[in-house]
Amino acid sequence: MDKPTFVRPPPLRPGSRVAALSLSAGFVTEVPHRYAAGVRQAAESLGWDIVPAPNAFRGPEYLYAHPEARADDLRWALQNPEIDGLVSIIGGDDSIRLLPSLDPELIRAHPKVFLGYSDSTVTLTQFLKAGVMAYHGPAVLTDLAENGGIHPLTRHGLEQAFGTEPYDLSPAPEWTEAKQVWDEASQPHRREFQPGDGWTWLQGDAPAEGHLLGGCVEILDMLSGTPGELPPALWQGAVMALETSNDVPPPSHTDSA
């Protein structure tokens, strides 16, 4: 079987104009200071100019009732020549209702960087089905608005992903489970981190090669049996990368994925 190929979108660089999308939960209107912090820190650390999509701030009730408005924002960002890339504002559990309105041909005709994680897995998989490279990465309200500034490891990871040269993944030098407090008083203060202790290999360390697929394990499970799931052929020869949501599913859930 031939290896699948994907269109590589033009990378985001300093000066790139990036559309912020509410494709799932619309509660950004309840934490405007957090959104402002993400926009400011992305400008300071990455040089991006983040602008909200037309419906991004319509509020949680409106966006829940109108998934087509969320899909309209995706189409707007893809077709707008002034927009260089797309970033999810936050995740949630409702992006799956966008499937009837997502057009793989439009994604293929306008390949742009799309960043997101968690529930953004729905949209990321549609990019892959369209043959466009997708980026499992930060969202505005989380990593870009990280308390105390964007973490250097996040910035470094983005720079590597947007580069054209092969690179090695390195173990994170530090990690944290400290809760992010989303209030204005806590925003300038960095969370407490613990030193990293390297990789943990669960089933050997033999090298493998393949294209990278995956996402949030609960969302991949949700996509199963829908028109949005990835075809089996695309999984052949793939290296799978998974994350779990804040719901913290038990190991048995992850093992059966």
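A: Let us begin with burial: a residue counts as buried under 20% relative accessible area, as exposed over 50%, and as partly exposed in between. Please keep in mind that this is a predicted model.

Q: Which residues of H3 are buried?

A: The general idea concerns helix geometry. An α-helix has 3.6 residues a turn, so residues three or four places apart point the same way. In this structure, the buried residues of H3 are Pro67, Ala69, Arg70, Ala71, Asp73, Leu74, Ala77 and Leu78. Helix H3 itself covers residues 67-79, which makes 13 residues. From its first C-alpha to its last, H3 reaches 19 Å, close to the 18 Å expected at 1.5 Å a residue.

Q: Against what do the buried residues of H3 pack?

A: Their partners are both strands and helices: E1, helix H2 (60-65), strand E3 (85-88), helix H4 (104-109) and helix H5 (121-129).

Q: How many salt bridges does a search of the whole structure find?

A: Side chains of opposite charge can pair when their charged atoms come close. The search of the whole structure finds eight salt bridges. One of them joins Lys3 and Glu209, whose closest N and O atoms are 3.3 Å apart. Lys3 lies in the segment before strand E1 (17-21) and Glu209 in the loop between E7 and strand E8 (212-216), so this pair ties together parts that are 206 residues apart in sequence.

Q: Are Lys3 and Glu209 buried or exposed?

A: Lys3 counts as exposed because its relative accessibility is 63%. Glu209 is likewise exposed, at 68%.

Q: Which residue forms a salt bridge with Arg17?

A: The partner is Asp49, and the closest N and O atoms of the pair are 2.7 Å apart. Arg17 belongs to strand E1 and Asp49 to strand E2 (residues 49-52), so the pair ties together parts that are 32 residues apart in sequence. Arg17 is partly exposed at 31% relative accessibility, and Asp49 is partly exposed at 35%.

Q: Where is Thr176 placed, and which residues does Thr176 touch beyond four places in sequence?

A: A residue in a loop can be read through its polar atoms and its neighbours. Thr176 is in the loop between strand E6 (174-175) and strand E7 (194-195). Its side chain reaches the backbone nitrogen of Ala178 at 2.9 Å. A polar atom of that side chain also lies 2.7 Å from the backbone oxygen of Glu192. Leaving aside residues up to four places away in sequence, Thr176 touches Arg191, Glu192 and Phe193.

Q: Which residues make the nonpolar surface patch?

A: Tyr167, Leu169, Trp199 and Trp201 make a nonpolar surface patch of about 540 Å². Of these, Leu169 is found in the loop between helix H6 (152-161) and E6. Leu169 is exposed because its relative accessible area is 66%.

Q: Where is Gly225?

A: Gly225 sits in the loop between helix H7 (217-223) and helix H8 (232-235). At 69% relative accessibility, Gly225 counts as exposed. The C-alpha atoms of Gly225 and Leu99 are separated by 13 Å, the two residues being 126 residues apart along the chain.

Notes. Residues are numbered from 1 along each chain as its sequence is written. This is a predicted model: local features need pLDDT of at least 70, side-chain atom pairs count only at pLDDT 80 or more; totals for chains, interfaces and linings use all residues. Side-chain values use heavy atoms; hydrogens and water are left out. Helices (H or I, at least four residues) and strands (E, at least two) are DSSP runs, numbered from the N terminus. A polar contact is a pair of N or O atoms within 3.5 Å; within protein, one must be able to donate a hydrogen and the other to accept it, and residues adjacent in sequence count only if both atoms are side-chain atoms. Contact means heavy atoms within 4.5 Å. Patches are made of residues with over 30% relative accessible area and no salt bridge: like charges are joined within 9 Å, nonpolar side chains (Val, Leu, Ile, Met, Phe, Trp, Tyr) within 5 Å. Accessible areas come from the Shrake-Rupley method with a 1.4 Å probe; for residues, only the protein chains shown count as cover. A salt bridge is a side-chain nitrogen of Lys or Arg within 4 Å of a carboxyl oxygen of Asp or Glu. Buried means under 20% relative accessible area, exposed over 50%, partly exposed in between (1.4 Å probe, protein chains only). The expected span of a helix is 1.5 Å times one less than its number of residues.
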